[in-house]
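Dear colleague,

Please find below the structure that I am handing over to you.

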Amino acid sequence: MSIKVELPARFGHTEEELAFIREMGVEYLNLNVMPENATLPQLREEVNRLARFGLKISDLACPPLQKNADIILGRPEREQAVSQFADFVRLAGEVGAPLVSVAWQPNGIFRTGRGPGRSTRGGTAFFADLYEIEGRPISNDRVYDSDEIWDNFAWFLERILPVCEQTGVRLALHPNDPPVPTLGGVASLICSTMDYRRALALAGGSWALGVKMCVGCWLEKPGFGNLLEDIQEFQANGQLVEVHFRNVSSPLPRFEETLSEDGYANMYDIMKTLVRCGFEGFCSIDHGFAGYPSTGGQLGSMAYPTGHMKGLLHAAEYELGLRG
């Protein structure tokens, strides 16, 4: 067995695009589905269409549910929202998706902008300046403190983990991005390894909550945790389910998202650690460059970094005697 190479994707790719993905040697898709397409007939049809190209859904995500402000902020509408989330988990189980994405980010990721950077060779990528982000007004009706956010997460787990256990679907929990204590007046849930340990403890040892390890987030924040040791810990505990393989130019207070070879981290050491410790879950590049329309847009821009990631994977397997 080996790490399963995955690609971020959307519902409704053309057949030519699906053929392009399969030609990369990719078999698994982290599929983003909007609510209007999150029905059993539509997803079954999509699963059958993907199968014609040798593709499977690894992680099913619905952006309005994945980062749902009503649930995260504990608004009155959260009962309806968590019911919809439970239905989505059941839907994932029906179509054979092993993971459902969740990210405790009611206002999404925070970036300063998107454009060419010093580390992107002219490519258009996200960049962040923490001083600019910290100077913004609050994003919601008021400030939400850490106790509230953790209480709301515990409330969510109480209602969703039993559904996961019934359906065989695991939650893949992503860190806050950037992983700082508060963003837009909302306390972050996951901005350190210790936060992950706390979240997993709240799950009471249930296998249904797993770690979506965004390497980029670990690299963005000095002191998030010891990345190589954290890989080994979460894998040994059966908690590491998915990896986002992303590099950045430098730690905060400022960074640019880069190709994996251009950032400050040694991505080969990271890949070797994943292989050495026996990780066999899903691994994908994270935020691709914007790309160019004439070369396939963002999907086209994902081909090279995915190939580079696969090259690191195969080299690590050869070095460790796991590939003949």
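The structure holds two cavities of 30 Å³ or more. On a 1 Å grid over the protein atoms alone, a cavity is a set of points where a 1.4 Å probe fits but cannot get out, and lining residues have an atom within 4 Å of a point. Grid points are joined across faces, edges and corners, and a volume is the space filled by probe spheres set on the points.

This is a predicted model, in which local features need pLDDT of at least 70, side-chain atom pairs count only at pLDDT 80 or more, and totals for chains, interfaces and linings use all residues. Residues are numbered from 1 along each chain as its sequence is written, and side-chain values use heavy atoms, with hydrogens and water left out.

The volume of the largest cavity is about 130 Å³. It is lined by 13 residues, of which Thr258, Leu259, Ile285, His287 and Pro305 are the closest to its centre. Five residues of this lining are nonpolar, six polar and two charged. Here Ala, Val, Leu, Ile, Met, Phe, Trp, Tyr, Cys and Pro count as nonpolar, Asp, Glu, Lys and Arg as charged, and the others, Gly among them, as polar.

The second largest cavity contains about 50 Å³ of space. Its lining includes Gln105, Pro106, Asn107 and Gly108, and by class it has four nonpolar, five polar and no charged residues.

Next comes the largest pocket, with about 690 Å³ of space; a pocket is an open set with protein on both sides within 12 Å along at least five of seven lines. Among its 26 lining residues, Pro8, Asn32, Lys67, Asp286 and His287 are the closest to its centre. Strand E1 (4-10) gives the most to this lining, with three residues. By class, the lining has 10 nonpolar, 11 polar and five charged residues.

As for the whole protein, its secondary structure comes to 13 helices and 14 strands; helices (H or I, at least four residues) and strands (E, at least two) are DSSP runs, numbered from the N terminus. The radius of gyration is 19 Å, close to the 20 Å that the globule rule gives for 324 residues, so the protein is as compact as a globular protein of that length. This radius is taken over C-alpha atoms, and the rule is 2.2 Å times the number of residues to the power 0.38.

Yours sincerely
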